[in-house]
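Please keep the sequence and the model in view while reading.

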Amino acid sequence: MSARLLLIGPPGAGKGTQAQRLSEALGVPAISTGDIFREHLRNETELGLKAKAYMDAGDNVPDSLTNDLVRDRLSQPDAAEGFLLDGYPRTTDQVRALDEFLAQHDTSMDAVVELVAEPDIVVERLKKRALDQGRADDDEAVVRHRLEVYARQTAPLIDVYDQRGLLAKVDGIGEIAEVTARIEHELAARGILFTA
């Protein structure tokens with residue numbers, strides 16, 4: 001079945017982990033702007049070098065760069081029947097760009113899952129991830145800044161999608177399988193069923 005979904009929540013809420021699980025279960029690609037940017041950084045592309053300064057400071061990459069990258073990715077054949085977005089849109093301008101792209105393809109979002117997590121729990125999670133994965137962007141000061149940026153820029157999107165009747169709030173704290181089951185329950189209530 002096709003599904004066009006967005007996973008939203010603060011950094012460290014478990015979006016990447018849940019996106020991979022949901023992608024496999026629903027048979028749609030997980031599209032993470034963070035992963036795309038990191039790939040560009042590894043390959044030292046022009047976009048990667050531009051994005052690096054923003055990411056190192058804990059700021060979001062500008063909308064224009066991000067929108068172009070996501071439009072290109074959503075135009076690929078594997079995303080034609082559905083996708084799971086993780087980390088995009090992050091601003092109301094990005095919501096408009098996504099809406100325009102979907103309208104051009106005569107489709108729309110099916111659901112938006114908000115993973116809810118307390119800031120202090122998120123900071124501890126990301127400090128552990130920094131140690132495990134050696135990620136410089138998970139330094140505590142950078143994480144707290146990213147949480148502030150999230151609250152200021154991204155949280156308003158929750159209201160937009162809630163007003164459209166697309167929002168499902170899910171507790172993002174707990175065992176991975178428990179959180180996945182909570183998401184599955186919310187999506188099933190919206191007619192989106194797992195295939196795996």
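The lining of the second largest pocket comprises four nonpolar, three polar and three charged residues; here Ala, Val, Leu, Ile, Met, Phe, Trp, Tyr, Cys and Pro count as nonpolar, Asp, Glu, Lys and Arg as charged, and the others, Gly among them, as polar. The model is a predicted one, in which local features need pLDDT of at least 70 and side-chain atom pairs count only at pLDDT 80 or more, whereas totals for chains, interfaces and linings use all residues. Residues are numbered from 1 along each chain as its sequence is written, and side-chain values use heavy atoms, with hydrogens and water left out.

Among the residues lining the second largest pocket are Gln 20, Ser 32, Asp 35, His 40 and Arg 73. Helix 2 contributes the most to this lining, with four residues. A pocket is an open set of points on a 1 Å grid over the protein atoms alone, where a 1.4 Å probe fits, with protein on both sides within 12 Å along at least five of seven lines; lining residues have an atom within 4 Å of a point. The second largest pocket holds about 160 Å³ of space, a volume being the space filled by probe spheres set on the points, which are joined across faces, edges and corners.

The largest pocket holds about 1,100 Å³. Of its 48 lining residues, Gly 12, Lys 15, Gly 16, Arg 129 and Arg 146 are the closest to its centre. This lining has 16 nonpolar, 19 polar and 13 charged residues.

The structure also contains eleven salt bridges, each a side-chain nitrogen of Lys or Arg within 4 Å of a carboxyl oxygen of Asp or Glu. In one of them, the closest N and O atoms of Lys 169 and Glu 114 are 2.7 Å apart. This pair links distant parts of the chain, with Lys 169 in strand 5 and Glu 114 in strand 4, 55 residues apart; helices (H or I, at least four residues) and strands (E, at least two) are DSSP runs, numbered from the N terminus. Lys 169 is exposed at 52% relative accessible area, whereas Glu 114 is buried at 8%; buried means under 20%, exposed over 50%, and partly exposed in between (1.4 Å probe, protein chains only).

Glu 178 and Arg 182 form another salt bridge, at 3.6 Å from N to O. Because these two residues lie four apart in helix 8, about one helical turn separates Glu 178 from Arg 182. Salt bridges with shared partners join Asp 171, Glu 178 and Arg 182 into one network.
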